[in-house]
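Dear colleague,

Please find below the structure that I am handing over to you. My findings follow it, and I would be grateful if you read them with the structure open.

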Amino acid sequence: MQSSDTSTAGNLFSRNRKTERKTEKISKPRLSTTQKWRQSDTSSEDASTDTDAFSSSEDVSKQEDSGVTEPRQTTEPEGVTSLASKNPENVSVADISRKKSNYVLVNRTPEIQSMRLALPILADESSIMEVISENDVAIICGATGCGKTTQIPQFLYEAGYTLNNYKIGITEPRRVAAISMSERVAEELNLTEGEVSYHIRYEKNVSSKTQIKFMTDGILLQEVKKSFELADYSAIIIDEAHERSIYTDVLLGLLSLIVRLRRRNFEDASKPDSPLPLKLIIMSATLRVGDFADNRQLFPPPRKPADALKPATGEGALEAARPGAPPVIQVESRQYPVTCHFSKITPDDYLKAAFRKVVALHRDSPPGGILVFLTGQREVKTLCSWLTHCFPPHSSAGDTVPVSVEKRTSTAKKRRARKKAEQEATEDSLTPKQAKVVALPTTESEEDEAMAAVAREKETVTPRSRFDLDNFDIIPADEESELGLRTGNSLSNRSRKVAPSTNDNPKGASAESVQSSSEDEEVDLEDALDAEILEQLGADRKSTPAAPIHALPLYSLLPAEQQKLVFEPPPDGHRLVVVATNVAETSLTIPNIRFVVDTGKVKSKVYDPVTGASCFKIVWVSQASAEQRAGRAGRIGPGHCYRLFSSRVFTDMEPHGLPDILTRPIDEVVLLLKSYLGTIPLSRFPLPTAPSPTVVEAAERRLIALEALEEKHVNSEPVRVITRAGRWMARLPLPVRLARMLLFANQHDLMPYAVILVAALSVSDFFLPEPVEEQQNEAEEESQENRNMVDAKRRRRQKTEAERIMDQRTTFQQQFVKTQGDLLLGDLAVLLGSVCCLERYWAQLAGILPMEDTRLGHLVSTNRVARLNPESTMRQLAQNCGIRWKAYVEIRQLRRQLTDILNANVPDLNLTVDPSLPKPTPAQVESLRQLFLVGSACHLATKFDVPVEGLPTKDRRRLRYAYKVPGFSGPVYIDPASPLARENCSFVAYAELHTSAKPFLRYVCAIAPCWIPFLTPQSYRVEGLSVMEPTAVDAPTQPRPPPAEEEQKEEVDEDGDEKPKPASAPTTAASLSPPHYDPQQDVVVAFAKRVYFVGADLVSTSTTSAVGDLESSFELPAHHVPVPLNGSPAVSVLGAHESLVWSVRWFARALLEGAVFPSLKEWLPRRLKSSTPTRMMTLSWGLVRTEVRGVVSKLLAKKVSSRRALEACLQEDPQFLLKELTPWIQDEHRSSFQTKWPPLLSK
């Protein structure tokens, strides 16, 4: 199936386009369009097994003559353009007007009918449908609130686009929008949920009767993988196209090809059963039209004359600027007018400004809900806390300010005065940078001084890796089978500390964690609210008591049950205030919103396309996003939008936000497109906005490092094409590095553990942030002013509660890293243990497993009531363990989905979702570390090189736990919450590099450097490779120590600082061990003067200075890192032929010495002739001997340098190599040796 899709897509890129079809072919009799709609069969079966929960797996059954009446009626009025008419170029306009059209009658309720009549888009229905009917692609730009999302699908439905088992597909950018819109359209059309359905990740209600389907863009993308032509659909609507996610852009490029393919097949007389032309409708309120209408690659000029196309007509329709450009329909007015108010000045602290504006609106404005846009979860919760505290939800308002407010006013003043005095005192004796550090509650230097632990090496290096990267055991041989279709608060074995804050202004700082819940700095209520504000609130409440506020948060990580609260009416007498992130910017319609407060800020995750490092930055939104936010106030009536920035700032904003494809890594996109394009360059794929060549090059390099792409020469030009493994990884609904882990997880019974790890690494924000001790500073101040024993006991009890929660979470996580092996597994051990622990306990509550004493009894109740409601009990347990419930549920769903995918495509796997998965053995733990390295070929770090001299002791102490990452300048650190944050591991693999106050590595595990050449064969380079047998003079004087004894512990001085290591003596060829055959890896390995890890930097270098100057590399311990002699780095140094010759010679020597087939040790080497020692096989002059030349020539002809290759030759010819080996055997033993050959029979 994939090959046919590739060839189909490739034909669309052909530069030698065919000429127009001849007149006699056009006049060839064809089925009428009405008959074609009725007789088209879209239920063709796919031989592959559909196991993708992303894609639509429903089967549309053929309608049988059962006498069942469809709940719709059709009429065919005269004089209306037919939906299924042929191409306008083949039929005159007069003929088109005489065609008949199919209509579907809809029985709407009077309430729905009156509501629809108030929508602006309804007035343009005829012109919109005329443009859609006469063009394959149309762009609709309708202002927010005009009714695009709900009405365009209904227009198509009434026009008959769902007849004959065709469907209308609508993509939404968010899951909640897909669900809510499907319910709304079903209600307006008076259809059931089975007829208007939704399909999102892990959830769908699609049936065989589905006619209108709402889905996310990822779902439709997976359906394209399954059926490239999308033959089940008559129309595809891309809603909210202005958001420009990566997969939306890819979808638009693929759909532009599919539209042309469907039109070409429909016009081809030799394909009478081809589906009807596909209609593509692109909708948005603030779309950058030029990226679409003026994109000649996305929508190329037609091959027919331009005057054959009928231009868009009707009010609001814009004619195309060039031939082939899709018509643009502009729906001007939104439902209700919205008045935008700008601030005279732009405040520095937008959070306080938003609070003041909400308070002013609440006191002075008429009834109506208020929607506030902030940047992150912490800000949302903070503002909700302020509003709830200042306007508590009680029935009767007092005429005085609560005592706590008055106390906090004086308390805040005293605290600020004290902090200012302390800061001035410290700044007198310290530099500004040092003063800033001392003001922090806990600093890294203070903690390092408190630690007297000796830094030592923790990992136990094993001599070899256990994975065979050429063995794809989990994949069936049939390439056509479809594969259907992160980090948290871990623990540290040290005392917890508060993340330092560098700026009280959130727009200039971000937290050390990637989690959105902990991205913002902790904001203390009294410190954030000025004393003037509190005093003003007190005076206002005494004079004119205000009504209470019903403040609700809204952000993406909020549980669905709490998200739905914003759609419910507030309590009587309360004003609804919804404090949201940009999740409320599009698609959602929150009722009763009349006022919008826009801070103009958004928190954006910025990626470095080369290094993959990410960081959160608070930036200004685009003008288009600001208009979208303002439109939220005009959904139910005239509204007002208060922008907390000046009109000058608005003018300086970018008109549109940058598409995600320009700001994020595109590894998965490149791999997906390579699976369709083959050898066609990516530059020829029609993307709305093409990424820069530098970004594409970086993505391709990372994919080559993961062995998903390989470089070949086509017509003497280098071309990067997808590999066999890469094609499989492209079909998995996972990032490439995680999909690569699953490819090899079945080699050592690791599949059950790998599935859990991959699922956990795929879900963000698994752990909750540390609990905020609310009003802790206030308690400290009050304890100095009021010595009342009752209040003191209450304060101590509250503080103990906060500490108890942290102790519970720390104890829960520490149980998974008690042994040395588990500690080296690092964050992965905590992830794996946490998920397995919760799974086991849930099964016990549900009665699947017998209840037994566990370590969770102190965290949650295990009584009979808890067993009656296991889900509620598990929610409480997850909260107490510091685990986000929504993330845990998503991990369970993804684990189940991956299990189904693997069982359907891997013969005899029989993988189950085992709730009582046993703890992995020490050997499996080590294999899991190697498996993580397999997927982290570009994500390795080594200890930071501390200069020997010229560095103060304090700086050396600070860099004690620093690491170096290729391509990243400066030191990086392991996340403080990781178990390995204070463990001196020489080399670590990580999942993500995030920068905030400092760059941090997240999801880290320790690795051994000797694994790198075998598990990441494209990510290292060598220099000075030794391939020949050293002479007696050049032989090393001492044998190389075993790898287990090679690791040297780092020395520390009396103060606990690391002693700088002296510079190592340069490695010479004479000091290198000779190559040898490794029977475990089944490869000949050699040693080099220098071995460098380069990651995705594939630039070949041959000189020492060139390699050493690369910032994108670090050196590995060459003495302890053997490299495969036939690997690509060795080939780049020696040449392909020389590398093969020496691999064959060393393998032949190992064969003669009995290292390849132990069953032949009786003859090899015991019965060898003394005149032909095996050492001659690898001497530089050895080929002059006939015996040596005969064996080498025979093996070289078949390129045999491993036992696997030799066994393959012996399977074809049992006498292979027997003639060449016989001269090496003593004369009296030759006959018995020949009877034991081949060695396969003597096992």
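In which loop is the place of Asp 749? Asp 749 sits in the loop between α25 (736-743) and α26 (751-762). Please keep in mind that this is a predicted model. The phi of Asp 749 is near 55°, which is a positive value in a residue other than glycine. Asp 749 is exposed, and its relative accessible area is 58%.

Leu 1217 also has a positive phi, of about 75°, although it is not a glycine. This residue lies in the loop between α41 (1203-1212) and α42 (1218-1221). Leu 1217 is buried, with a relative accessible area of 0%.

The bond from Leu 1164 to Pro 1165 is cis, with omega near 15°; Pro 1165 is found in the loop between α39 (1136-1152) and α40 (1186-1198). Trp 1237 and Pro 1238 are likewise joined by a cis peptide bond, with omega about 5°, and Pro 1238 belongs to the segment after α43 (1230-1235).

Finally, please look at Arg 116, which is in helix α5 (residues 110-117). Arg 116 is buried yet has no salt bridge. Its nearest side chain of opposite charge, Glu 158, is 4.1 Å away, and a salt bridge requires a distance within 4 Å. The side chain of Arg 116 does make a polar contact of 2.7 Å with the side chain of Gln 151. Beyond four places away in sequence, the residues that Arg 116 touches include Arg 108, Leu 122, Phe 155 and Glu 188.

Yours sincerely

Technical notes:
Residues numbered from 1 in each chain as written. Predicted model: local features only at pLDDT ≥ 70, side-chain atom pairs only at ≥ 80, totals over all residues. Heavy atoms only, no water. Helix = DSSP H or I, 4+ residues; strand = E, 2+ residues; numbered from the N terminus. Buried < 20%, exposed > 50% of the residue type's maximum accessible area, 1.4 Å probe, protein only. Lys, Arg positive; Asp, Glu negative; His and termini not counted. Polar contact = N/O pair within 3.5 Å; in protein donor to acceptor, adjacent residues only side chain to side chain. Contact = heavy atoms within 4.5 Å.
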